Amino acid sequence: MHLAELLFVSSLSVATFALDNGLMRVPPMGWLAWERYRCDIDCDHDPKNCISENLFMDMADRLSEDGWRELGYVYVNIDDCWSSMKRDDNGRLQADPKRFPGGIHKLARYMHDRGLKLGIYGDMGTHTCGGYPGTTLDKIELDAQTFADWEVDMFKFDGCYSNATEQEQGYPLMSKALNATGRPIGYSCSWPAYQGGLPPKVNYTQLGEICNLWRNYGDIQDSWDSVLKIINWFFENQDVLGPTAGPGKWNDPDMLIAGDFGLSMEQSRSQMAIWVIMAAPLFMSNDLRTINSGARSILQNKIAISINQDPMGIQGRRILKEKSGIDVYWRPLSKNASALVFFSRRNDMPYRYQTTLSKLNYTTGSYQIYDVFTEKTMTLKDSTSFVVSVNPTGVVMWYVSAPAKRNIRQFYRGGRLQGSLFDDDDENAISPVFL
Ligand code: GLA
């Protein structure tokens, strides 16, 4: 090799080694096959409709033709059971030729032609959770390069069939290997979910440095019980989890299931609202070909999405858990705004919850309120008593346009709300910008 070539190659490798992938500065959004489809993308279950790649192309068509892409839903993600049971002669993973006759690279091109991105799944262990070939430590670089060669945009790295020591090596190694390919590939780590989701076992500082998002907890299923269990766990542990999230690094409570079979419309709104407050990745797992208009309008709610995608990327908190069964959630937003969610755990009747903004830690002033799901607006003084009627297992969600400067340093001090949430200057000046 000539000296000039050598220098060029070595400068490239230095540059790629240092690459901070710069991805997912706001929570990623898209569609993910697992919750709705599992391994039923497998021929054996439905021989007549066994070409799984059609499902992903259908979802891509829907995302690009039915207004989803413009709202930010751009990832189309393959989950488990996509690969052949055997690696190829060069030891590379290969797609099952029956289910993905065009191969993964062609599918990636299909997505890119439509302004979408393709995600794929692997497992840091001997096998995937579904029993397909895993990515053991010695295969990490090869598999990262294979995904980059296929022009894949996101990679979920699951953790079945590996032990804690292997995971400790494998997750950071894969991060390096993906970066070293030079292709920007969003990296979703299931590592914390395999370590119980909490420190001291989980090192969230490290995760924030190596992964763009991470699954902290168990799998979502198509039921309200499952959604509630996830909500409870995330907010019981909010003091630990909240501060770990930020631009490029997100807690992932798992997929949105509106449009499936288990949730009522109220519950679908609740899941959306609380995922939005959490700054969670928004990956739907549903059938976009047949989704009903109610679920569609919840998932396509522009204001909810813009709250989720707020550039400050601060994960919201539960600020009240009332004996009446009402929870109040709050998330600070850019432009000195904030979001509030009133959520009912009740199963009996719509509950009339009475409070004031000052009881919810807002400082003196007038606030413009936009109700995210009814699209009504109003102005409220901090001291004015108001009533929200919250349906059983439902939410009322507000975008609160506020004038005062927030004191974010105070927000998470000691993991608890400290004193006033807002600085005392600037009060009463209503922001002219209302989304
Ligand atoms: C695990 C993951 C799920 C899904 C399945 C696939 O359970 O947590 O999200 O990827 O494996 O087998």
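Mentor: Helices (H or I, at least four residues) and strands (E, at least two) are DSSP runs, numbered from the N terminus. This is a predicted model, where local features need pLDDT of at least 70, side-chain atom pairs count only at pLDDT 80 or more, and totals for chains, interfaces and linings use all residues. Residues are numbered from 1 along each chain as its sequence is written, and side-chain values use heavy atoms, with hydrogens and water left out.

Trainee: How many helices and strands does the protein chain have?

Mentor: There are 14 helices and 16 strands.

Trainee: Where does N216 lie?

Mentor: Look at the loop between strand 6 (213-215) and helix 9.

Trainee: Is N216 buried or exposed?

Mentor: Buried means under 20% relative accessible area, exposed over 50%, partly exposed in between (1.4 Å probe, protein chains only). N216 has 1%, so it is buried.

Trainee: Which side chain does N216 join in a polar contact?

Mentor: A polar contact is a pair of N or O atoms within 3.5 Å; within protein, one must be able to donate a hydrogen and the other to accept it, and residues adjacent in sequence count only if both atoms are side-chain atoms. Here the side chains of N216 and Y204 are joined at 3.0 Å.

Trainee: What is a nonpolar core?

Mentor: In soluble globular proteins, nonpolar side chains tend to be buried together. A core is a set of buried Ala, Val, Leu, Ile, Met, Phe, Trp, Tyr and Cys residues joined through side-chain atoms within 4.5 Å. The largest one here has 112 residues. W31, F56 and M272 are among those with the most contacts inside it. Helix 9 (residues 224-236) gives the largest share, seven residues.

Trainee: Why does this core lie between domain 1 and domain 2?

Mentor: Domain bounds come from an automatic or database domain assignment. Domain 1 (29-309) and domain 2 (317-401) both give residues to this core, so it lies between them. Apart from it lies another core, of 19 residues, including L340 and Y353.

Trainee: Which residues surround the ligand?

Mentor: A residue is near a molecule if one of its heavy atoms lies within 4 Å of it. Those around the ligand include W34, D79, D80, D158 and R215. Now take the distances to ligand oxygen atoms. A polar side-chain atom of D79 lies 2.6 Å from one. For D80, the value is 2.7 Å. For an N or O atom in the side chain of D158, it is 2.9 Å.

Trainee: How much of the ligand does the protein bury?

Mentor: Accessible areas come from the Shrake-Rupley method with a 1.4 Å probe; for residues, only the protein chains shown count as cover. Taken alone, the ligand exposes 310 Å², and the protein buries 89% of that.
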